[in-house]
Amino acid sequence: VWEYCAELRSVRLRTHEERLGLELSSMNTPEQMAQRVNNAAPEALMRLPWRTAQHAFDVLSRTGSSEVSSLFTAIDAKKKLISMLGGILATAQAEADTVMPPLAAIAG
C-alpha cells in the first residue's frame, strides 16, 4: 500500500488505482481476475495503465473453471474492461513517457 522512494527518502500512500493495478498485475487465474475486475470501481479501471489492462485480458482469455457461473463472471469482467477502454487509452495518451499501444495489443 505504501511506496518508498530511496532517492527522495520519502514514503507515500499509493492511490486506489495504483493498488488495483498492482493487484491485477499479480493475478494469474481467470477466476481471480474476473472477480477483482467485477468488484472494481469503474473510475479506478479507467485509470489503469494499458499494460495492466492487456494483462487482465490475457488472463481472462485463459481456460479456467468450466463452471457456468465462472464463465459468466469472466464474460462480465471482459465486458466491463471493454467499456473502460476509452478511459484506459486516454490515460495512456496523457502520460508523456508512454507510447500509445495499438488497440489490438490491449484487447487481443
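# Salt bridges, pocket and surface patch

At a relative accessible area of 19%, Glu 17 counts as buried, because this term applies under 20% relative accessible area, whereas exposed means over 50% and partly exposed lies in between (1.4 Å probe, protein chains only). The model is predicted, so local features need pLDDT of at least 70 and side-chain atom pairs count only at pLDDT 80 or more, while totals for chains, interfaces and linings use all residues. Residues are numbered from 1 along each chain as its sequence is written, and side-chain values use heavy atoms, with hydrogens and water left out.

The chain has 108 residues, of which 32% count as buried. Its secondary structure consists of seven helices and two strands; these are DSSP runs numbered from the N terminus, helices being H or I with at least four residues and strands E with at least two. Read from the N terminus, the order of elements is β-β-α-α-α-α-α-α-α.

Two salt bridges are present in the structure, the term denoting a side-chain nitrogen of Lys or Arg within 4 Å of a carboxyl oxygen of Asp or Glu. In one of them, Glu 17 pairs with Arg 47, and the closest N and O atoms are 3.0 Å apart. This pair joins distant parts of the chain, 30 residues apart: Glu 17 belongs to helix α1 (residues 16-26), and Arg 47 to the loop between α3 (42-46) and α4 (50-61).

Arg 36 is buried because its relative accessible area is 19%, and Glu 23 is partly exposed because its value is 33%. In general, side chains of opposite charge can pair when their charged atoms come close.

A pocket is defined on a 1 Å grid over the protein atoms alone, as an open set of points with protein on both sides within 12 Å along at least five of seven lines; a 1.4 Å probe fits at the points, and lining residues have an atom within 4 Å of a point. The largest pocket holds about 180 Å³ of space, a volume being the space filled by probe spheres set on grid points that are joined across faces, edges and corners. Both Glu 17 and Arg 47 are among its lining residues, which also include Glu 3, Arg 12, Glu 18, Leu 22 and Thr 52. Helix α1 contributes the most to this lining, with four residues. By class, two lining residues are nonpolar, three polar and six charged, where Ala, Val, Leu, Ile, Met, Phe, Trp, Tyr, Cys and Pro count as nonpolar, Asp, Glu, Lys and Arg as charged, and the others, Gly among them, as polar.

On the surface, Val 68, Phe 72 and Ile 75 make up a nonpolar patch with about 300 Å² of accessible area together. Patches consist of residues with over 30% relative accessible area and no salt bridge, like charges being joined within 9 Å and nonpolar side chains (Val, Leu, Ile, Met, Phe, Trp, Tyr) within 5 Å. Accessible areas come from the Shrake-Rupley method with a 1.4 Å probe, and for residues only the protein chains shown count as cover. Ile 75 lies in helix α5 (residues 68-83) and is partly exposed, because its relative accessibility is 43%. Glu 43, in helix α3, is partly exposed as well, because its relative accessibility is 46%.

| Residue pair | Separation in sequence | C-alpha to C-alpha distance |
|---|---|---|
| Glu 23 and Thr 52 | 29 residues | 9.6 Å |
| Ile 75 and Ala 34 | 41 residues | 8.1 Å |
| Glu 43 and Gly 87 | 44 residues | 8.7 Å |
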